[in-house]
Amino acid sequence: MLRIAVVGSGPSGVYTAQTLVQQREVPGVRVDVLDRLPAPYGLVRYGVAPDHEKIKSLQGSLRTVLEDERIRFLGNVEVGGPLLPTERLLELYHAVVYCVGAARDRLLGIPGEELAGVHSATAFVSWYSGHPDAVAEAFDLAGVRSAVVIGAGNVAVDVTRMLARGVPELAPTDMPHAALGALGASGVRDVSMVARRGPSQGKFTTKELRELGTLPGVDVAADAAELALDPAYADPVAGAALPAVNRRNVEVLRGWAGSPAGGGGRRITLRFFLRPVEVLGGPDGRVRGVRFERTAPDERGGVTGTGVHEDIPAELVLRSVGYQGVPLPGLPFDAAKATVPHAAGRVVREGRAAVGEYVAGWIKRGPTGVIGTNRPDAKETASSLLQDAGALARRELPEDPLDALRAAGLRPVQWPGWLAIESAEAALGHSLGRRSVKIPDWQGLLTAADTD
């Protein structure tokens, strides 16, 4: 029997586990899916916006995999920490596949970024998604009237939408009750989503973009003059050559160009060709706006600065300019790419593939693609591992690694513990007159899982 540890229970980890147990080349594979959190599903639980129920429904397919009798979920297990260093994990399993994602957001690298009221979009998403690492009181929106979101991807669109949404649309979701209350007390009336390049280069999907125009009581506008700076927007021939999703994005934005205020109460303005150069603060140390430099298209598909500046007022700034992988103690790390060096999923140490250590997902390829991109990525890594199965299986292992994890002082949450968390969240929602509501703190999750 080949015993494998998959570290991370998000899509890449679950798809890797699924591929390993469903293949027929190597019989008797058993997989433990380890996660630092007591709850599974990774960014599907803690990164997908609560009002995106269709995407969140992917939890159902991930659940089916994790309920396979050949797969065991072990939450509340931190790999790489003092209780379970990576080298110890290799002693307990024939192979380890790291699917730990990209946990850190990128900084803007401009003056004033440390001011109060400047946050990463990742932190905002974690807060309203009930991630137990999020600071419960981090976002007091009552005194915020204007917000600036810097970025042009789906996460930027998500946080822009959440800032403009009303409580009636969010109450049926599983958003933590405290976050729902804070958004209900929000004073935000103007949200500017700002990109340094043009509309044809946005990284958001058309479905996400269109959603902004469906929010009750919210006006959406784009600056027609800024849009016209984009050659693919102004020139029908250049526009026709765009990929389909970018072409559709341009058409959506064309419909919002120059939209007048409609008295909706809240307003989203999409801005382009503006590069942040400084976060502006007041005497109280809080953000009061962002200074941008106007950019212009160059001849290489990028942009160049023009020396013309514009200040956009804001009491809240969310940066959404990408994710980065972080080093895991005991694993090699390519700081320039923020990934673990690998060859077809095999971890590379000092120029050689390390048989027994593998990576999949964002820590392997960087934060690219959509959820479905993890399937072929996981299959490549699983294929490499299975090619090494003969060499891996020669090593004898302890009877059950769960005993060793407990002996090390860890308190793994198994699948029944997760089901107990689900039941507790359903009961919490019922008590609040809502559907299931997330438990947002570590102690609450562990108490619900009965691991004390």
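**View 1. The second largest pocket and the residues around it.** Lys-56, Gln-59, Asp-174, Ser-436 and Lys-438 lie nearest the centre of the second largest pocket, which has a lining of 18 residues. Two or more of the lining residues come from each of helix 3 (53–56), helix 4 (59–66) and helix 19 (415–431). Helices here are DSSP runs of H or I with at least four residues, strands are runs of E with at least two, and both are numbered from the N terminus. The lining holds 9 charged, 5 polar and 4 nonpolar residues. In this grouping Asp, Glu, Lys and Arg are charged; Ala, Val, Leu, Ile, Met, Phe, Trp, Tyr, Cys and Pro are nonpolar; the others, Gly among them, are polar. The space in this pocket comes to about 370 Å³. A pocket is an open set of points on a 1 Å grid over the protein atoms alone, with protein on both sides within 12 Å along at least five of seven lines; a cavity is a set where a 1.4 Å probe fits but cannot get out; lining residues have an atom within 4 Å of a point. Points are joined across faces, edges and corners, and a volume is the space filled by probe spheres set on them.

Two notes apply to every view. This is a predicted model, in which local features need pLDDT of at least 70 and side-chain atom pairs count only at pLDDT 80 or more, while totals for chains, interfaces and linings use all residues. Residues are numbered from 1 along each chain as its sequence is written, and side-chain values use heavy atoms, with hydrogens and water left out.

**View 2. The largest cavity.** Rolling a probe the size of a water molecule over the atoms shows where empty space is left. Here the count is 1 cavity of 30 Å³ or more. The largest cavity has a volume of about 40 Å³. Its lining is made by Asp-105, Ala-121, Thr-122, Val-155, Arg-319, Ser-320, Val-321, Gly-322 and Tyr-323. By class, these lining residues are 4 nonpolar, 3 polar and 2 charged.

View 3. Helix 1 (residues 11–22) has 12 residues, 11 of them buried, so the rest of the structure largely encloses it. Buried means under 20% relative accessible area, exposed over 50%, and partly exposed in between (1.4 Å probe, protein chains only). Among the buried residues of helix 1 are Val-14, Tyr-15 and Leu-20. The end C-alpha atoms of helix 1 are 16 Å apart, which agrees with the 16 Å that its 12 residues should span at 1.5 Å a residue. That expected span is 1.5 Å times one less than the number of residues. Helix 7 (residues 154–164) is mostly covered too, with 9 of its 11 residues buried, including Asp-158, Arg-161 and Met-162.

**View 4. Salt bridges.** Side chains of opposite charge can pair when their charged atoms come close. The whole structure has 30 salt bridges, each a side-chain nitrogen of Lys or Arg within 4 Å of a carboxyl oxygen of Asp or Glu. In one of them, the closest N and O atoms of Arg-88 and Glu-91 are 2.8 Å apart. These two residues sit 3 residues apart in helix 5 (residues 86–92), so about one helical turn separates them. Arg-88 is partly exposed at 31% relative accessibility, and Glu-91 is partly exposed at 42%. Glu-251 and Arg-254 form another salt bridge, with their closest N and O atoms 3.4 Å apart; both lie in helix 14 (residues 244–256), about one turn apart. Salt bridges also link Asp-51, Asp-158, Arg-161, Arg-165, Glu-169 and Glu-208 in a network.

View 5. Strands pair if DSSP finds at least two bridges between them. Strand 2 (residues 29–34) runs parallel to strand 3 over 4 bridges, and Asp-32 has Arg-72 as its bridge partner. Strand 16 and strand 17 (residues 346–349) are antiparallel over 2 bridges, with His-342 opposite Val-347. Their hairpin has 2 residues between the strands, and Ala-344 takes a positive phi near 55 degrees. Strand 17 also runs antiparallel to strand 18 (residues 352–359), joined by 3 bridges.
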